[in-house]
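Dear colleague,

Please find below the structure that I am handing over to you, with its sequence. My findings follow directly after it.

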Amino acid sequence: MRTHYSVNLLFDTAQRERRCAVPRTDTDIKAVSRRVKAGTVKRVYRGLYARRQYWDTLNPHEQTRHIVRSLAIQHPNWIFCGPTAAIMYDLDCSYRFLLPICIVAKPRTHVRDTPQLAHYSMAHAESTIVDGVPITGLLRTLFDCAAKLPLRFSLSMLDSALRNHMVDQHVLAAYPHTVKYTRNRKAVLRAFSLADARSENGGESEARGVLAEIGYPVHELQTSFPCLTHSSRTHRVDFLWTREDGTKIAGEFDGVRKYVDPTMTSNQDIRSVVSQEREREHCLAQQQVDVVRMFYDELNKPKQLAAKLEAKRVPHG
């Protein structure tokens with residue numbers, strides 16, 4: 001395919017500005033279309049394009065940010081909200097909510113949502129500028145996500161906002177009472193009340209949300225127990241419950257990364273990591289602490305997870 005100077009400049013500029021390319025002239029549109037067919041350019045959103053090789057180096061959240069930065073230029077009056085704003089704040093947000101892009105719409109405005117674009121009705125949108133993009137304020141963003149999304153997903157955003165010191169716990173707790181009108185207020189209050197900075201990642205937050213929904217709310221987070229083998233070490237568990245008889249059971253949330261990501265395994269192989277986990281469980285057992293392990297895919301099977309917890313005598317309610 002022949003070199004096209006204006007198209008190369010178009011993509012070079014877009015990459016430098018961390019956004020997508022928007023061809024405007026007939027010549028550029030045809031040139032980009034040929035590259036899409038050839039597979040070197042990807043259509044990532046309606047009217048928005050990126051070099052495939054470059055696009056594939058971006059994580060999904062940054063891909064969404066590229067799209068949002070481009071749309072903000074095309075539609076300067078748009079205010080982005082909901083999960084889209086959460087991604088712009090770099091909160092823990094499930095990849096399930098990369099699309100649709102969410103924007104504010106005035107009440108009683110007749111607009112149609114699509115798989116690519118959703119509208120949140122809002123009379124007075126509190127907005128700010130993040131990375132050059134107008135988005136709803138942090139607290140309003142968290143509020144809307146709590147009202148719209150299942151608890152497991154909104155809780156991960158709330159926890160990360162606290163963990164990253166983006167908002168104070170007392171300010172967060174008070175905010176829902178300042179919003180006069182909204183649907184699902186009960187869901188919002190519940191999510192905000194459960195927010196906890198001690199959750200170390202989005203997966204743990206999602207797990208806590210699911211546990212609360214199926215009737216096994218966590219009693220304590222990130223509790224440490226002494227290591228009986230090495231006095232200088234401690235064993236910290238993700239979740240902890242205390243049964244009526246005083247015995248304890250620890251919940252460990254395991255994701256695949258725990259076993260394959262070098263940054264989490266200290267470059268050990270899987271067998272070494274698994275062996276250390278067994279030794280850890282044995283040490284906890286000697287301190288009358290049982291362990292129940294949960295995996296991410298189990299969060300999508302709440303009935304099966306509940307049966308597993310019941311079998312382990314995890315306190316209910």
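I begin with helix α14, which spans residues 302-311 and has Leu305, Ala306 and Leu309 as its buried residues. These three lie on the same side of α14, because the arc they cover around the axis is only 100°. As a general point, an α-helix has 3.6 residues a turn, so residues three or four places apart point the same way. The other side of α14 carries the exposed residues Lys303, Gln304 and Ala311. As for packing, the buried residues of α14 are set against α10 and against β10 (289-295). Just after α14 comes Arg313, whose phi is positive, at about 60°. Please bear in mind that the model is predicted.

Which residues is Asp196 in contact with, leaving aside its neighbours within four places in sequence? They are Asp159, Leu162, Arg208 and Leu221.

Is Ala173 buried, exposed or partly exposed? Its relative accessibility is 40%, so Ala173 counts as partly exposed. Between the C-alpha atoms of Ala173 and Ala250 there is a separation of 27 Å, and the two residues are 77 residues apart along the chain.

Yours sincerely

Conventions
Residues are numbered from 1 along each chain as its sequence is written. This is a predicted model: local features need pLDDT of at least 70, side-chain atom pairs count only at pLDDT 80 or more; totals for chains, interfaces and linings use all residues. Side-chain values use heavy atoms; hydrogens and water are left out. Contact means heavy atoms within 4.5 Å. Buried means under 20% relative accessible area, exposed over 50%, partly exposed in between (1.4 Å probe, protein chains only). Helices (H or I, at least four residues) and strands (E, at least two) are DSSP runs, numbered from the N terminus. The arc is that of the directions from the helix axis to the C-beta atoms.
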